[in-house]
Amino acid sequence: MPPGPQRYRAQGRREGVDETVLANALSVIDRIRAADPRITPVLTLRHLSELVGVPYPHLRDLVARRVPRSYKFFYLKKRIPGRTSTRMISVPNKTLLSIQQWIVSDILRFTSAHEASYAFHPGGRPLEAAEEHCGCAWLLKVDLQDFFHTISEGRVAGIFAELGFNRLLAFELARLVTVACERAKPSDPAARWPTIPYYQCAHEGMLPQGAPTSPMLSNLVMHRTDGVLARLARAHGMRYSRYADDLAFSCGADRDAAHVRRFKRLVLKSLNEAGFRPNLRKTTIRGPGSRRIVLGMLVDGDRPRLPKGYKDMIRLHLHYLTSPDYGPAAHAQARKTSVSGIFHHVRGLISWAETVEPAYGKQLLARFWSADWPPLEPTYLDDLSEDGD
């Protein structure tokens, strides 16, 4: 638990801090403690530099986006029918990563996502998100385009301000957890912080996909929109869940296709008004007679199930792994990977099967271990000890 205001007051008076300055600082501390008493109060950027162990001039340069190579960028191809696209992954450097990890451990982990959100927090699981829609007759799925990158530094600064931090520090914290690059929106220098010329930047920052702070911040930015969508769903006899950028709405057979289509228009309107871009290519309605899938799980029954394609994929792997004429080494070579790689890949697939369908997953695991695996490396031994086999 962070120290209370009494300690700050006593220390400030011992150091001869002006009473007006001290009163303003204590007012900020009170606001932060009102949001959650476990959040570490931070008063200024210089105060933050002491807490995170980063020199103040370097911290200020990071805020001003004047530190070269503060992020390393990777571009991954996205599978989109009919066109090519890339996903930008932004990995912070060692210093910036340590600052962001401190923000997670001392500030963000004490915040809460909306109850409809099932990702990026300890209580959320994809299986539970799918369970919300089990037995549905109609399913509406909406995907948000470039989810992290549509969340601007201004919206993130608003989150820190809501947590009680003063306006300037909220902006500086937002700069430390966002990235400005050619994909970011151009900013208007005359409209943003005109009294701090050093902080002017050509592009407004956005949440980077690859920073430890981005998942929790995206949940907080979406909190109000989650509330709007949850109320909208209840008003129209629908259920709502969100897992990161995947939104799902469902209802029973007492509704018809026209009702779901009208509801879809209301959802898209709400998302656009909130500043998010629905991906219309991935916005779908599934009704009776079609497969209703949420986060890779069938939800047309009493509980989530694995799709046939997923089961066929594992069955194919196990066929080659356990075949006396093939085995792990040959299968790994055919897949252009190592035996260790194929081991962990298939073991991961089975782990998910165990989560969704435990009895079926247990059968798969027994067959997996029956393969003639070569002498085990330490990483294999870790898996063996976890499974207890």
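Strand 3 and strand 5 (residues 246-251) run antiparallel, with six bridges joining them. This is a predicted model, and the protein chain's pLDDT averages 89.

**Strand 3 and its partners**
- On the strand 5 side, K141 sits opposite A248.
- Strand 3 also pairs with strand 6 (residues 278-286), again antiparallel, this time through five bridges.
- Over on strand 6, the residue facing D143 is N279.
- Strand 3 itself covers residues 138-144, and six of its seven residues are buried, so the rest of the structure largely encloses it.

**L271 in helix 10**
- Helix 10 spans residues 257-273, and L271 is part of it.
- L271 is buried: its relative accessible area comes out at 0%, against a cut-off of under 20%.
- Setting aside neighbours within four places in sequence, L271 is in contact with V142, L144, T225, L229, L247, F276 and P278.
- L271 and V228 are 43 residues apart in sequence, yet their C-alpha atoms are 9.4 Å apart in space.

**How confident is the model?**
- A pLDDT of at least 70 is reached by 87% of the residues.

Terms used. Residues numbered from 1 in each chain as written. Predicted model: local features only at pLDDT ≥ 70, side-chain atom pairs only at ≥ 80, totals over all residues. Heavy atoms only, no water. pLDDT = per-residue confidence, 0-100. Helix = DSSP H or I, 4+ residues; strand = E, 2+ residues; numbered from the N terminus. Buried < 20%, exposed > 50% of the residue type's maximum accessible area, 1.4 Å probe, protein only. Contact = heavy atoms within 4.5 Å. Pairing = 2+ DSSP bridges.
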